[in-house]
Amino acid sequence: MQLKTILNRCHKFKSFVYDQARFVGEAIEVTVLPRANAKAMCSHCAEPAPVYDHLAERRFEFIPIWGYRMFFLYRMRRVDCRDCGVKVERVPWARGKRELTDTYQQFLARWAEKLSWLEVARSFRTSWEKVFQSVEFVVQWGLEHRDLSEVTALGVDEIAWRHGHNYLTLVYQIDADNTRLLWIGKDRTMKTLLRFFHFFGEQRSLKLQYVCSDMWKPYLKVIKKKAANALNILDRFHIVAKLNKAIDEVRAGEHRQLQKDGYEPVLKNSRWCLLKRKENLTEKQEAKLKDLLQYNLKSVRAYLLKEDFDGFWGYVSAAWAGKFLDRWCTRVMRSKIEPMKKVAKTMRAHKPLILNWFKAKKALSKALSSGVVEGLNNKAKVTTRNSYGFRTYRGAEIALYHALGNLPKPPMAHRFC
Ligand SMILES: [Zn+2]
């Protein structure tokens, strides 16, 4: 069986044919010719047009076979289009000035879902940049072809990026049947989120029923203004994160103070005991926590306050939950633990938005109880952290859409991987 036969089986063209295949060093080159009587097409308007002249032969890289790199060789023609003038012809296997065929780009992008971009480049003996271009191509296609018509619930989130001094705002769809990353923007200002709503459009924004966010003021303002019909919910995940941040601050301060005063460093290695959920503690951490709870420490009292707050989420009625919240805040205000008091103050100020959680609980039960935003947030962090070469914003953006966008993929006649 000839290579031509295989190619015609899995990668056939209507107006072009495969000709000779040969080894050139460690690569296989296959000449492609226009089919006799098939018309050339203008790359600008996709209409048939008479041939004007021929350009020099170009190489297009295709999927490697058994360790050999594979190239198509083709002399592009220029056409004299009635509407567009003299233009390069359109070929079905690649677009623009790209060296990689569409199919090869889809192949690389598919592998980039499972491996890091660097690992993909090494596995297929190509460069990191080519893998990036391939993922970018697939993401771009997906963004142009995705359907945004049925979005009713959003989650607005942020992640620190590049050593924690920069932020990215991420907007997710969190409807029960579709959770995905919709949009990414630099920074976490009002302008950032306004840009999202500008992109999303007024009509779609007015159809939104729920927007989940944290207590970040710029976000709250924009959501109120742009998603006027939506219930703004403060997400449980973000509230717990705020409490954890306060505990961490208390613990770090107290640990330093104890050391300074010459006490036994009981808080050493206690960070995760106090931050993790009880059911996620290792045996060692559990023992450490049990030990810690015997001391009358600010960190311990802060931890117990956080634990108590967990009861809040169990309420069915918003009214009772509201009473619980008031009592809890009063206790915290009396605790004299400054970082916790700060959280309690913020919670008091946002009480109605926090209580919206109970109004949305039924409709959004899946998203709210399973912590969809938290899950997406973790995945986003892993994506930006583990990926070599995402120092540029564009790189991070493409990687995030690729990993979390749930984007439609360009059609392929044959699945190569
Ligand atoms: Zn044309």
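**Figure 1. Buried residues of helix α17 in the predicted model.** In α17, the residues Ala 396, Ile 398, Ala 399, Leu 400, Tyr 401 and His 402 are buried, as seen in this structure, which is a predicted model. The helix itself covers residues 393–404, a run of 12 residues, and its first and last C-alpha atoms lie 16 Å apart, close to the 16 Å expected at 1.5 Å a residue. Just after α17 comes Asn 406, whose phi is positive, at about 50 degrees.

Figure 2. When neighbours within four places in sequence are left aside, the residues in contact with Val 171 are Leu 154, Val 156, Leu 182, Trp 183 and Phe 196. Glu 158, which is 13 residues from Val 171 in sequence, lies 8.5 Å from Val 171 in space, C-alpha to C-alpha.

**Figure 3. Trp 117 in helix α3.** The helix that holds Trp 117 is α3, made up of residues 117–123. Trp 117 is buried, and 27 other C-beta atoms are found within 10 Å. Between Trp 117 and Ser 127 there are 9.1 Å in space, C-alpha to C-alpha, for a separation of 10 residues in sequence.

**Figure 4. Packing of helices α12 and α14.** Helix α12 (residues 318–334) packs with helix α14 (residues 351–360) at an angle of about 140 degrees, and their axes are 9 Å apart. Because of this angle, α12 is oblique to α14, and the crossing of the pair is right-handed. On the α12 side, the contact is made by Ala 318, Ala 321, Gly 322 and Leu 325, whereas α14 contributes Lys 351, Ile 354, Leu 355, Phe 358 and Lys 359.

**Figure 5. Packing of helices α8 and α13.** Here the axes of helix α8 (residues 236–260) and helix α13 (residues 338–349) come within 8 Å of one another and cross at roughly 160 degrees. The angle therefore makes α8 roughly antiparallel to α13, and the crossing in which α8 passes α13 is right-handed. Lys 242, Leu 243, Ala 246, Glu 249 and Val 250 of α8 make the contact with Pro 339, Met 340, Lys 342 and Val 343 of α13.

Figure 6. Asn 37 is exposed, with 6 other C-beta atoms within 10 Å. In the loop between β3 and β4 (68–81) lies Trp 66, likewise a residue other than glycine with a positive phi, in this case near 45 degrees. Trp 66 is also exposed, with 6 other C-beta atoms within 10 Å.

**Figure 7. Division of the chain into domains.** The protein is divided into domain 1 (1–98), domain 2 (100–145), domain 3 (153–228 + 371–398) and domain 4 (237–360). Taken over C-alpha atoms, the centres of domain 1 and domain 4 are separated by 64 Å.

Technical notes
Residues numbered from 1 in each chain as written. Predicted model: local features only at pLDDT ≥ 70, side-chain atom pairs only at ≥ 80, totals over all residues. Helix = DSSP H or I, 4+ residues; strand = E, 2+ residues; numbered from the N terminus. Expected span 1.5 Å × (residues − 1). Buried ≥ 20, exposed ≤ 12 C-beta atoms within 10 Å, placed from the backbone. Domains from an automatic or database assignment. Axes fitted to C-alpha atoms, helices over the stretch in contact; angles between N-to-C directions. Parallel < 35°, antiparallel > 145°, perpendicular 65-115°, else oblique. Left-handed = near helix turned anticlockwise from the far one by under 90°. Contact = placed C-beta atoms within 7 Å.
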